[in-house]
Amino acid sequence: MDAKQMRKIWIASLVGSSIEWFDYFLYGTVAALVFNQVFFVNEDPTIGLLLSYASFALAFFIRPFGGVIFSHIGDRIGRKKTLVITLSLMGAATFGMGLLPTYQAIGIWAPILLITLRLVQGLGIGGEWGGALLLAVEYAPKEKRGLYGAIPQMGVTIGMVLGTIALSLMSLLPEGSFMTWGWRVPFLISAVLVLFGLWVRKGIDETPSFKKVQESGDIPKLPIVETLKNYWREVLIAIGAKVVETAPFYIFGTFVVSYATSNLGFSRTAVLNSVMVATVITTILIPIMGSLSDKYGRKKLYIAGTVGMMLYAFPYFWMLQQQSVALLVIATIVGLGVIWAPITAVLGTMFSEIFDAKVRYTGITLGYQIGAAVAGGTAPLVATALLVNFNNSYVPVALYIIITAIISLLAIWAVKDRSRENLDDEIQRGLQEDSKKIPLGTIEP
């Protein structure tokens with residue numbers, strides 16, 4: 001494949017992923033600023049805010065269902081078609097949010113419609129990640145699979161940065177204008193980004209791995225059944241490995257905003273700016289870490305990041321406790337910008353290397369989305385509950401981060417590093433061993 005075509009694959013994978021996460025994080029930010037006043041209206045502002053956050057959390061728990069639905073399509077009819085569906089679904093839901101009438105206009109139907117569209121977003125993002133990852137990994141040459149697999153991971157941080165920038169610009173409007181129509185603009189503009197993403201994806205072909213599965217005739221009728229029957233260990237490993245990637249991310253990027261402002265007296269601007277700087281640094285480091293994994297192995301980089309997370313948990317909170325803006329920025333950059341980068345960079349590629357091509361979409365999606373629902377969506381809630389129950393001591397929260405790292409280390413211990421192998425060697429082996437119905441040798445004894 002020529003360089004021009006590979007650039008197109010990169011762009012298709014990165015653009016779609018960035019747009020999906022832009023839409024996803026945009027909702028989270030607006031939920032705190034706007035939705036509690038125009039959709040979840042209540043005499044008690046705190047209840048309105050809690051309802052608004054609850055609607056944000058809902059998408060985490062619907063994501064695995066979206067993953068099951070769209071990974072089934074992805075393993076049955078192909079990665080490309082599925083990615084077109086998920087991006088269209090996500091884009092339509094986000095655009096619809098920008099047009100919704102408020103509670104003051106239509107009453108209870110306003111939050112009902114908003115929650116419905118949020119659930120549609122959750123379904124779309126549940127199927128998007130696995131497809132975007134496989135689009136990159138299954139086209140990649142063996143010696144650059146780590147680099148290619150890191151590209152869609154950049155979409156998470158790019159989407160987060162774009163969402164923050166868009167709302168920061170709109171918040172320059174007078175308060176009345178922002179609350180009336182300014183917050184809607186980023187939601188409506190996302191339609192242009194979606195159309196661009198669909199145009200890029202339309203011009204690419206199906207992945208080589210899926211073509212080989214089609215040629216072999218080894219497409220399972222029910223990928224979810226095949227996965228849970230023969231690859232349940234790999235799914236559990238993926239769930240466990242996801243824990244240290246997702247929980248600390250929401251501690252460093254979400255929980256810290258309320259903790260540092262409410263408990264430590266930092267300004268919201270200082271905290272958000274530190275998260276923004278750290279996110280930009282992560283975005284730069286992710287492809288570098290992915291490339292390093294091609295040289296040194298996925299497992300080594302992942303373990304290095306996970307051990308680093310364990311060692312950093314207490315120093316992170318100690319630096320925050322000093323109530324210095326400089327130390328706040330350094331603490332966030334080290335945690336979110338540096339230590340987290342190798343974990344997230346290699347995660348997707350490593351997942352793709354432990355599943356057969358015939359159930360790869362389903363396998364990686366189940367592991368990723370269930371892990372995100374269990375450890376990601378709950379992380380800020382768990383951390384807040386620990387503070388409340390332990391007299392605002394950060395020690396239990398630091399121990400919580402360490403526990404997530406231990407869980408992931410136990411999970412990754414069972415994985416064989418396959419960074420030196422061809423991705424689809426297992427297709428031929430799978431055909432030879434199909435009658436035995438034994439999972440392939442991706443798990444070390």
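Which residues in α6 meet which residues in α12? In this predicted model, the α6 side of the contact consists of R145, G146, L147, A150, Q153, M154, T157, I158, M160, V161, T164 and I165. Facing them from α12 are V275, M276, T279, V280, T282, T283, I286, P287, G290, S291, S293 and D294. By class, the residues of this contact divide into 12 nonpolar, 10 polar and two charged. Helix α6 covers residues 145-170 and helix α12 covers residues 268-296, and their axes come within 7 Å of each other. The crossing angle is roughly 175°. Angles over 145 degrees count as roughly antiparallel, and α6 and α12 are therefore roughly antiparallel to each other.

Helix α10 spans residues 223-230 and helix α11 spans residues 232-262; their axes come within 5 Å and cross at roughly 90°. On the α10 side, the contact is made by T227, L228, K229 and N230, while α11 contributes W232, E234 and V235. Sorted by class, the contact of α10 with α11 holds three nonpolar, two polar and two charged residues.

Turning to the surface, a reader can find a nonpolar patch formed by V41, Y103, I106, I108, W109, I112 and L113. Together these residues have about 600 Å² of accessible area. Two elements, α4 (103-106) and α5 (109-137), each give two or more residues to the patch. The largest share comes from α5, with three residues. Another member of the patch, I108, is found in the loop between α4 and α5.

Most residues other than glycine have a negative phi. Against that background, Q323 has a phi near 55°, a positive value in a residue other than glycine. Q323 is found in the loop between α13 (298-321) and α14 (325-352). The place of N392 is in the loop that lies between α16 (379-389) and α17 (395-412).

Note on methods: Residues numbered from 1 in each chain as written. Predicted model: local features only at pLDDT ≥ 70, side-chain atom pairs only at ≥ 80, totals over all residues. Heavy atoms only, no water. Axes fitted to C-alpha atoms, helices over the stretch in contact; angles between N-to-C directions. Helix = DSSP H or I, 4+ residues; strand = E, 2+ residues; numbered from the N terminus. Parallel < 35°, antiparallel > 145°, perpendicular 65-115°, else oblique. Contact = heavy atoms within 4.5 Å. Nonpolar A, V, L, I, M, F, W, Y, C, P; charged D, E, K, R; others polar. Patch = residues over 30% accessible without salt bridge, like charges linked within 9 Å, V, L, I, M, F, W, Y side chains within 5 Å. Areas by Shrake-Rupley, 256 points an atom, 1.4 Å probe, with all protein chains shown as cover. Salt bridge = Lys/Arg side-chain N within 4 Å of Asp/Glu carboxyl O.
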